[in-house]
Amino acid sequence: MTADPTREARTEAVRALEAEFGELINRFRRIITENANRVSPGMLPGAYKVFTTIVRRESITLSALAESLTADKGQISRTVRELEQLGLIQRTPDPDDGRSSLLSPTPEGLERLAAARAPHESTLVDALEDWALDDIRNLTRLLHALTAGETPSV
């Protein structure tokens, strides 16, 4: 019995894709580590991820943050306290639930994040400078489908 050449070709293509994702992840890890250190020397990448998630959401509860990051609420709570102590985020009462608080970035936090991101801000734009805009949009569409576990639409 011979192996299905289509299945073999697909397996080979997926392995190549996995290798490229590995390289991309390593590159982004380095950037995230550098950015975290620029925001606050010694900041761990995990704390940076918590901080940037709060920034992206603009305002979020601790429970929603832990769920969004698929992380332990206790660990997220400790990280949030650290970010508060650094002056990067603030808590305000949640108008929809008096028992909980909303987490949001402080103006200082936003400034420090912008400064940390500045050295790498144009890296992706520069890397894609010679790509056709339709190719960038198609890559985005395909990556979204992959992360959402969907079959890409045509």
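Reply: Start with pairing: two strands pair if DSSP finds at least two bridges between them. One note on the source: this is a predicted model.

Me: What makes β2 and β3 a pair?

Reply: Pairing takes at least two bridges. Strand β2 (residues 89-94) and strand β3 (residues 97-105) are joined by six bridges. Six meets that requirement, so the two strands count as paired. They run antiparallel. A hairpin of two residues links β2 to β3. Within the pair, Pro93 stands opposite Ser101 in β3.

Me: How do you know what Thr79 touches?

Reply: Contact means heavy atoms within 4.5 Å. Leaving out residues up to four places away in sequence, Thr79 touches Ala47 and Val50.

Me: Where else do Thr79, Ala47 and Val50 turn up?

Reply: They are at the second largest pocket. Its lining has 16 residues, and Gly46, Ala47, Val50, Gln75 and Thr79 lie nearest its centre. The space in this pocket is about 210 Å³. α2 and α4 each supply at least two lining residues. The largest share, five residues, comes from α4. By class, the lining has nine nonpolar, five polar and two charged residues.

Me: What makes the phi of Glu58 worth noting?

Reply: Phi of Glu58 is near 70°. That is a positive value in a residue other than glycine. Thr70 has a positive phi too, near 45°.

Me: How do you know whether Thr70 is buried or exposed?

Reply: The cut-off for exposed is over 50%. Thr70 reaches 75% relative accessibility, so Thr70 counts as exposed. Thr70 lies in the loop between α3 (62-68) and α4.

Me: How do you know how the span of α1 compares with the expected one?

Reply: The expected span is 1.5 Å times one less than the number of residues. Helix α1 (residues 5-39) has 35 residues, and 51 Å is expected. From its first C-alpha to its last, α1 reaches 50 Å. The two values are close.

Me: Which residues of α1 are buried, and what do they pack against?

Reply: Ile31, Asn35, Ala36 and Val39 are buried in α1. Buried residues of α1 pack against α2 (45-57) and α5 (107-117).

Me: What makes up the lining of the largest pocket?

Reply: The space in the largest pocket is about 1,500 Å³. It is lined by 33 residues, and the closest to its centre are Leu24, Ile25, Phe28, Leu124 and Leu143. α1, α2, α6 (123-127) and α7 (133-148) each supply at least two lining residues. α1 gives the most, with 10 residues.

Me: How do the lining residues of the largest pocket divide by class?

Reply: There are 20 nonpolar, six polar and seven charged residues in that lining. Leu, Ile and Phe are among the types that count as nonpolar. The residues closest to the centre, Leu24, Ile25, Phe28, Leu124 and Leu143, are therefore nonpolar.

Note on methods. Residues are numbered from 1 along each chain as its sequence is written. This is a predicted model: local features need pLDDT of at least 70, side-chain atom pairs count only at pLDDT 80 or more; totals for chains, interfaces and linings use all residues. Side-chain values use heavy atoms; hydrogens and water are left out. Helices (H or I, at least four residues) and strands (E, at least two) are DSSP runs, numbered from the N terminus. Buried means under 20% relative accessible area, exposed over 50%, partly exposed in between (1.4 Å probe, protein chains only). On a 1 Å grid over the protein atoms alone, a cavity is a set of points where a 1.4 Å probe fits but cannot get out, and a pocket is an open set with protein on both sides within 12 Å along at least five of seven lines; lining residues have an atom within 4 Å of a point. Grid points are joined across faces, edges and corners, and a volume is the space filled by probe spheres set on the points.
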